Amino acid sequence: MLDDERVDTVKRLLFDYVKSPSLRHIKDPYMLIKLAQDIVKKLDRGNSAWTKWNGPREKLVESATACWIPIGDLQDHLNRMEGPKLSSSDVEQRLKAFADERYSEYPRDELREGCLAVYEAEKAVGTEMPAIVGVLRDHIEKEEERLSQEQDALFRQLREAEAAAAEQRLLSGADCRWTPQKGTKDVFCRVNGRLFRLTTTSDKRVELYQSESLEADKGTLLGQYLKRGDATKAVAQIAYQPEFRR
């Protein structure tokens with residue numbers, strides 16, 4: 001591999017690594033080890049078991065790893081490039097090997113129909129294979145962003161529905177977990193028919209009360225705790241003790 005190719009390879013791997021918005025990912029020792037292994041693999045192509053694959057062929061197939069492209073068309077293009085003749089199995093398994101190296105970067109089933117439509121449209125106007133791969137990668141990036149936004153929206157809807165259901169249980173008098181109530185920063189729960197209220201103090205501790213109703217004053221102070229989990233454990237014991245029933 002030429003020096004310029006080595007530099008480009010390392011730059012591409014580093015760019016792919018740092019483009020993640022997650023600092024946890026960037027600092028993860030396991031991911032750093034993987035990055036180092038990937039760099040060594042790319043720079044050690046001279047000893048690769050894949051003897052039919054030169055730099056340009058590898059670069060194209062690696063870029064196409066996550067794309068839906070008819071194997072026969074990709075095979076035909078690769079065989080027009082410099083290098084020994086490739087069978088369809090050569091191409092399929094090289095794609096699979098790249099996907100395995102990238103820890104399951106396989107084409108996503110839900111993107112197949114859209115990718116193939118884009119591919120056929122570009123092929124019909126004479127776009128060459130490397131350009132089609134670039135178009136497909138852009139298409140996949142946009143679709144993954146769309147799917148991510150839809151998933152986030154669905155998650156928010158589920159959270160809102162769960163919150164509404166929890167509030168309804170609280171208002172109906174049913175037993176429920178800690179639930180916010182409009183008009184106050186306190187949270188409430190019911191256990192064994194008893195209503196408990198949790199207030200956060202200025203020093204970030206929590207005070208546990210047993211209340212008569214949601215509208216009443218805080219009620220009887222049962223204790224102060226370092227965190228909500230401690231108060232929850234106390235409620236589980238207090239709720240079933242007759243001497244605390246009001």
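**Salt bridges, a helix face and a ring**

Biologist: Which residue forms a salt bridge with Arg205?

Modeller: Arg205 has its closest salt-bridge N and O atoms 3.6 Å apart from those of its partner, where a salt bridge means a side-chain nitrogen of Lys or Arg within 4 Å of a carboxyl oxygen of Asp or Glu. The model is predicted, and local features need pLDDT of at least 70, side-chain atom pairs count only at pLDDT 80 or more, and totals for chains, interfaces and linings use all residues. The partner of Arg205 is Asp203.

Biologist: Is Asp186, which forms a salt bridge with Arg197, buried or exposed?

Modeller: The closest N and O atoms of Asp186 and Arg197 are 2.6 Å apart. Asp186 lies in the loop between strands S1 and S2 and Arg197 in strand S3, so the pair ties together parts that are 11 residues apart in sequence; strands (E, at least two residues) and helices (H or I, at least four) are DSSP runs, numbered from the N terminus. Buried means under 20% relative accessible area, exposed over 50%, and partly exposed in between, with a 1.4 Å probe and protein chains only. At a relative accessible area of 7%, Asp186 is therefore buried.

Biologist: How many residues apart are Asp90 and Lys52, which link distant parts of the chain?

Modeller: The salt bridge between Asp90 and Lys52 has its closest N and O atoms 2.8 Å apart. Asp90 belongs to helix H6 and Lys52 to the loop between helices H3 and H4, so that, with Asp90 buried at 18% and Lys52 partly exposed at 29%, the pair spans a separation of 38 residues.

Biologist: Within what arc do the buried residues of helix H5 fall?

Modeller: In H5, residues 71–80, the buried residues are Leu74, Gln75, His77 and Leu78. Seen down the axis of H5, they line one face of the helix, and what covers them includes helices H4, H6 and H8, through contacts, meaning heavy atoms within 4.5 Å.

Biologist: Which residue has Arg94 lying over the face of its ring?

Modeller: A charge sits over a ring if NZ of Lys or CZ of Arg is within 6 Å of the ring centre and within 35 degrees of the ring normal. Arg94 lies at 4.1 Å from the ring centre of Phe98.

Note on methods. Residues are numbered from 1 along each chain as its sequence is written. Side-chain values use heavy atoms; hydrogens and water are left out. The arc is that of the directions from the helix axis to the C-beta atoms.
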